[in-house]
Amino acid sequence: MLADDQKVDLETARGMLVYRDAALPTLFHYAATRPAIARGDDGTYQLTLVHYDRPIDGLAGMLSLVVDLRPDPVQMDNMERELAALHPGADLQFQPIAWSGGTVAAAIIGGGAVSATPSLLGQNAAALAIGLTTDQYVLLRGGAGTPQAAPVQIVYSLSYAAMRRSYGATIRFDESKFRDWVQKKCSANFVVISVEKSDTFEQLRQDGVLRVESVNQSGDEAPPGLRDAFLRSLQSILTPLPRFAQAPEASSGNWLLGFDCASVHDVQNMSRRLDTDMQVTGAVARTAVLQGAPDGLAEALAQRPDIELSTGASFTQPLTVRCHDRFGGRPLRRADVRITPAPSARDTNVVGFTAPTDAATLQLTRAPDMAAAYSYDCTLYFGADAAPCRSGAIAIAPGQAYLDVVPARWYTYRQYLAGVADDFPWDLVRSVRLELNGPAALAYAPAVLDIDKYTAALAIDAFAPSAVDLDAVGYTATYTPRLGASFSVPGQPAGAAIFLNPLRRRRVTFGVAAGYDWRHTSAIDVVLAGAAGNPQLWGDGKLCLTPAQPRREFIYWYAFDKTLSFRWRVRDAAGTASAQILTTSSALDVIFPQPPAVP
């Protein structure tokens, strides 16, 4: 019998319920925790799905199936391997849990449960039959003939017997007090000591020879079996004497056997030979609840064809049509959804949408033997200058309750917001012209966007009446400085944002070398020169270093290359200028050396 508190949790076999045996440490009891669709000897699933061609009393069909608790071979193998690894060298045995009773219940989404009594032998198989509404039948069959989720749940409630400890106690035995108690009996001319009477146990406890400590801590009295077991243990270490008649002082029972007082001589070793730690065990009833979607349901539905019972009617499929777009002409103005064929002769097969809150509910008629014949297409209408676009035909699955149309699948629209940084050098730039470029199908409004310091954030709409890859959209920003020629910088939008900030601010210091001799020099003239293909902006591009101002700071903005190009010359004490020297530098400190002495 399995032990009540010895459940074994296995990492590799979580689909198995395993208990240790109460007596044999190498015996394990197991059961599968997930119900499954039963199979015949040839491997065929024992499942039948019946549908009526006309619902009867709200029922559209019947699902009949046999479920069992057949262990998965992989889980079974994993269980044996993991337990063998935990008990190396042991000859392990495995046997199914012996169920003593139980029930099995099954339910499908949207309906009540049906119950049956499973077999208590073998795989615990049970036969079930569930009446199906139209919705439940369609849910079972799903869009591809099998359900996308588990619509059926099975619950096994099985009873079994388990061994558990019902009472445990420890008897504290005092050898010295027992010796005094024996001597007291002998001095009273009691030639024998009885251990067959329950009075003897109670007298020993009252005299303090022994004390019973309950392991359960329940406060219950020790059961009679505990007292009898201890007295039998005491009897085994004393010398018996012949049977005596009923003792005069006995309140009940007979002195069937007594013991010689003289045999109590080695009391120091008595407690070592006594049974003082005892427990009472017994079988208790337990219940295991095993629940889950039946394994193999989808495969069984795909393998087993439907059986049709003709009643002369067709199924109806309610369908709610919704359209998700903001409408309002930005850019979509109207969407027409057409159902093919029309739901019925009296219904229109076109549903128009002009607001995101619009919705329409239709009743599609679908015979059980009818394939997925319904489909829809969508025609989109935009502003006056854009031609309508139309999607292809898209199938409507049997059992589909909602048709959510997303027009953005068939057109492309994005509004790009262009802006510049707060510290953009508008004192150096007159304006920025922005032009988007990308797939030829896209149209931009406005085509060109001019930005200045008074209109620092504007928008451009990109639209195409077809699906276009917006990751291919780029832009060109043309900067017109207040001084110098215009230059263009390409870029890519970051989502719907275009951040025009290609210019970086830099501060450079021009100065002379330490110890510069100004006796023959009156000034050093520096003139900044722009380079073609290297956009750079500055205000005043002329500097003059003098003995009074030997260091001057210069602030400029650059897009790609921070290298400066400049011309410089030296004026002597009379003001005569030397030839200009063209120099480039990317240093933060530009130092002019001492000019060579004139011979």
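Which residue in β37 is the bridge partner of R506?

1. Basis of the note. This is a predicted model, in which local features need pLDDT of at least 70 and side-chain atom pairs count only at pLDDT 80 or more, while totals for chains, interfaces and linings use all residues. Residues are numbered from 1 along each chain as its sequence is written, and side-chain values use heavy atoms, with hydrogens and water left out.

2. Overall make-up. The protein has seven helices and 40 strands; these are DSSP runs numbered from the N terminus, helices being H or I of at least four residues and strands E of at least two. Of its 599 residues, 40% count as buried (under 20% relative accessible area, with exposed over 50% and partly exposed in between; 1.4 Å probe, protein chains only). The accessible surface is about 31500 Å², and carbon and sulfur atoms account for 51% of that area (Shrake-Rupley method, 1.4 Å probe; for residues, only the protein chains shown count as cover).

3. Contacts along the sequence. Among contacts between residues at least 6 apart in sequence, 70% join residues at least 24 apart; contact means heavy atoms within 4.5 Å.

4. The open sheet. Four strands form an open sheet with the order β35-β37-β33-β40 and mixed pairing; two strands pair if DSSP finds at least two bridges between them. Its edge strands, β35 (536–538) and β40 (589–592), each pair on one side only. From one strand to the next, the twist averages 30° (axes are lines fitted to C-alpha atoms, for helices over the stretch in contact, and angles run from 0 to 180 degrees between N-to-C directions).

5. The pairing of β33 and β37. These strands run antiparallel and are joined by eight bridges, β37 covering residues 551–558. In answer to the opening question, R506 has Y556 as its bridge partner in β37.

6. T509. This residue lies in strand β33 (residues 504–512). T509 is buried because its relative accessible area is 12%. Beyond neighbours within four places in sequence, T509 is in contact with R551, R552, E553, L588, D589 and V590.

7. T521. Strand β34 (residues 521–528) contains T521, which counts as buried because its relative accessibility is 4%. Not counting residues up to four places away in sequence, T521 touches Y516, P547, V570, R571, D572, A573 and P595.

8. Helix α2. In this helix (residues 134–141), T134, Q136, Y137, L140 and R141 are buried. Seen down the axis of α2, the buried residues fall within an arc of 165°, so they line one face of the helix; the arc is that of the directions from the helix axis to the C-beta atoms.
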